[in-house]
Amino acid sequence: MKKVFAVLLSVALLLSFLPSVSAAGKDVQTEYYSVLFNKNSIPASFAKEVSKFGGEVVYTVPEIGFAQVKASTASFSKLRGITGVSVANPSISWNLPESQRINAGHVNPADAALWDLQWDIHRITNDGASYELGTGSHDVVVGIVDTGIDRDHPDLVKNLLPGSKNFVPAGGFQGTEPAETGDSATFDDRHGHGSHVAGSIAGNGAMLGVAPDTGIRAYRVFGNSSAESAWIYDAMIAAANDGVDVISMSLGGFDVIGQTFYVDPVTGKKEKLGNDVADFIGYKRAVEYATNKGALVVVAAGNDGINATNKKEVMDFLNSEYAGDGLYFVGAGFEVPGTLPGVVTVSATGPNDEFASYSNYGPGFIDIAAVGGDARLYDQYAAEGRFNEYLAKRLFETEFNLSASEDGGWYWSIGTSMATPKVSAVAALLIDKYGKMSPAKLQNLLYKKAVDPVKGSDKQFFGNGHLDTYDALK
């Protein structure tokens with residue numbers, strides 16, 4: 001039986017495969033395709049070439065030579081044959097899974113009224129001692145690629161700088177979200193995940209973040225449904241162009257380099273869906289672009305509880321996870337963006353620095369560990385049919401992380417999504433203390449000064465060690 005992490009808000013990759021629409025009185029199979037060009041540019045004639053076979057270019061990221069196209073499945077070979085196209089594959093969509101959360105509700109916004117409940121921030125800051133050494137400034141900016149932010153939240157508004165943007169286009173995910181207007185100024189959080197992340201970085205009010213005077217900016221790539229790879233790449237590039245110092249991305253999933261198959265549950269017909277090469281390389285190019293612009297990219301390791309460096313384990317996981325959708329995979333699966341060079345990949349720990357039960361791990365995969373909360377009691381009480389008792393005793397306060405919500409309140413959650421922003425915050429504090437530096441130098445400083453180090457086999461779980469803000473700044 002699948003573990004139920006109803007409060008986890010990390011992102012999983014799903015293939016968007018072969019929906020049918022009716023055109024001209026007969027069914028025509030259409031698909032959204034990811035297209036990567038040989039160069040970091042898109043030929044001026046591309047849209048015209050696509051229109052010749054009835055396709056439509058729906059999104060472009062010219063800085064990395066990436067485009068998304070809607071076209072009939074019958075025209076896929078024509079799409080791949082356009083001059084300059086390197087690879088193309090059915091687009092990957094990124095889904096925030098349905099989630100429950102444990103709300104904190106509203107309190108009178110007295111200074112740090114929730115501080116006693118923030119055991120995770122206590123651990124990261126040495127019970128607040130690091131605030132005496134540095135709290136950041138608006139000279140340093142963390143760009144948050146996520147679900148947006150509550151722009152009026154009393155704990156976030158002090159540090160929310162001008163320039164936040166929305167990348168969800170009109171109609172939202174494949175036209176299924178009519179409330180999405182595509183207005184770049186609509187970066188308001190409708191989910192809560194992005195606001196929670198922002199609070200852990202730079203909350204300053206009833207709750208405190210790790211760096212409570214650091215500048216933040218939101219780059220919204222999720223509405224109430226899925227997101228496309230292109231939107232995420234576009235947001236990363238925009239953040240880098242805006243000059244953010246750190247890009248915090250509490251999202252992750254898997255790209256398959258090999259072959260994906262779909263078996264129709266009724267007819268048994270097997271269809272090849274290709275692989276994820278275009279999306280994988282697109283992500284790599286986006287990270288390189290951001291890094292070359294001077295932004296350090298910090299990402300979540302994922303919440304699947306697997307060794308992300310063990311290819312058999314990854315493929316077994318994917319085939320088990322998506323068997324009910326008629327999908328199976330052959331080849332190698334890569335956690336992205338965590339496996340890409342140049343990023344800081346963050347695993348999660350619980351209240352006593354123990355490795356979180358849900359966190360992905362792997363030698364050479366994890367760079368650093370931070371408190372993201374745990375689910376041991378949650379799982380135990382749920383399995384024993386005592387979940388109401390778990391809530392009544394408020395045991396979530398002992399293992400979950402508290403942060404801001406999208407409605408001016410707060411809620412508890414757990415995940416590598418909650419660990420990642422804390423690392424982003426410490427990276428920002430290091431820049432504020434030591435001055436602007438290259439992402440490579442910042443990584444080196446982060447791994448040497450900002451951790452309680454670990455050795456040997458522990459590195460596969462904790463990387464260079466446990467995040468420690470006090471050590472980073474002393």
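Leaving aside neighbours within four places in sequence, which residues is Leu446 in contact with? They are Val344, Ile368, Val423, Val426, Ala427, Leu430 and Val451, where contact means heavy atoms within 4.5 Å. The model is predicted, so local features need pLDDT of at least 70 and side-chain atom pairs pLDDT 80 or more, while totals for chains, interfaces and linings use all residues. Residues are numbered from 1 along each chain as its sequence is written, and side-chain values use heavy atoms, with hydrogens and water left out.

**Nonpolar cores**

- The largest nonpolar core has 67 residues, and those with the most contacts inside it are Ile216, Val344, Val423 and Leu446. Such a core is a set of buried Ala, Val, Leu, Ile, Met, Phe, Trp, Tyr and Cys residues joined through side-chain atoms within 4.5 Å.
- Helix α11 gives the most to this core, with nine residues.
- A second, separate core of 44 residues includes Trp94, Ala235, Leu251 and Ala295.

- The expected span is 1.5 Å times one less than the number of residues; helices (H or I, at least four residues) and strands (E, at least two) are DSSP runs numbered from the N terminus.
- Of the 19 residues of α11, 16 are buried, so the helix is largely enclosed by the rest of the structure. Buried means under 20% relative accessible area, exposed over 50%, and partly exposed in between (1.4 Å probe, protein chains only).
- Gly435 follows α11 and has a positive phi, near 95 degrees.
- Helix α6 (residues 277–292) reaches 22 Å from its first C-alpha to its last. Its buried residues include Phe280, Tyr283 and Tyr289.
- Just after α6, Gly294 takes a positive phi of about 100 degrees.

**Aromatic rings**

- The structure holds 23 aromatic pairs. Rings of Phe, Tyr and Trp (its six-membered ring) pair if their centres lie within 6.5 Å; planes under 30 degrees apart count as stacked, over 60 as edge-to-face and the rest as tilted.
- Trp115 and Tyr131 form a tilted pair, 5.9 Å centre to centre with 55 degrees between the planes. Trp115 lies in the loop between β8 and α3 and Tyr131 in the loop between α3 and β9, so the pair ties together parts that are 16 residues apart in sequence.
- Trp115 counts as buried at 15% relative accessibility, and Tyr131 counts as buried at 17%.
- One aromatic cluster is formed by Tyr378, Tyr381, Phe387, Tyr390, Phe396, Phe400 and Trp412.

**Salt bridges**

- The count comes to 17 salt bridges, each a side-chain nitrogen of Lys or Arg within 4 Å of a carboxyl oxygen of Asp or Glu.
- Lys165 forms a salt bridge with Asp242, the closest N and O atoms being 2.7 Å apart. Lys165 lies in strand β10 and Asp242 in the loop between α5 and β13, so the pair ties together parts that are 77 residues apart in sequence.
- Lys165 is partly exposed, with a relative accessible area of 25%, and Asp242 is partly exposed at 33%.
- Asp374 forms a salt bridge with Arg376, with the closest N and O atoms 2.0 Å apart. Asp374 is buried, with a relative accessible area of 1%, whereas Arg376 counts as partly exposed at 43%.
- Salt bridges that share partners join Glu384, Arg386, Glu389 and Lys393 into one network.
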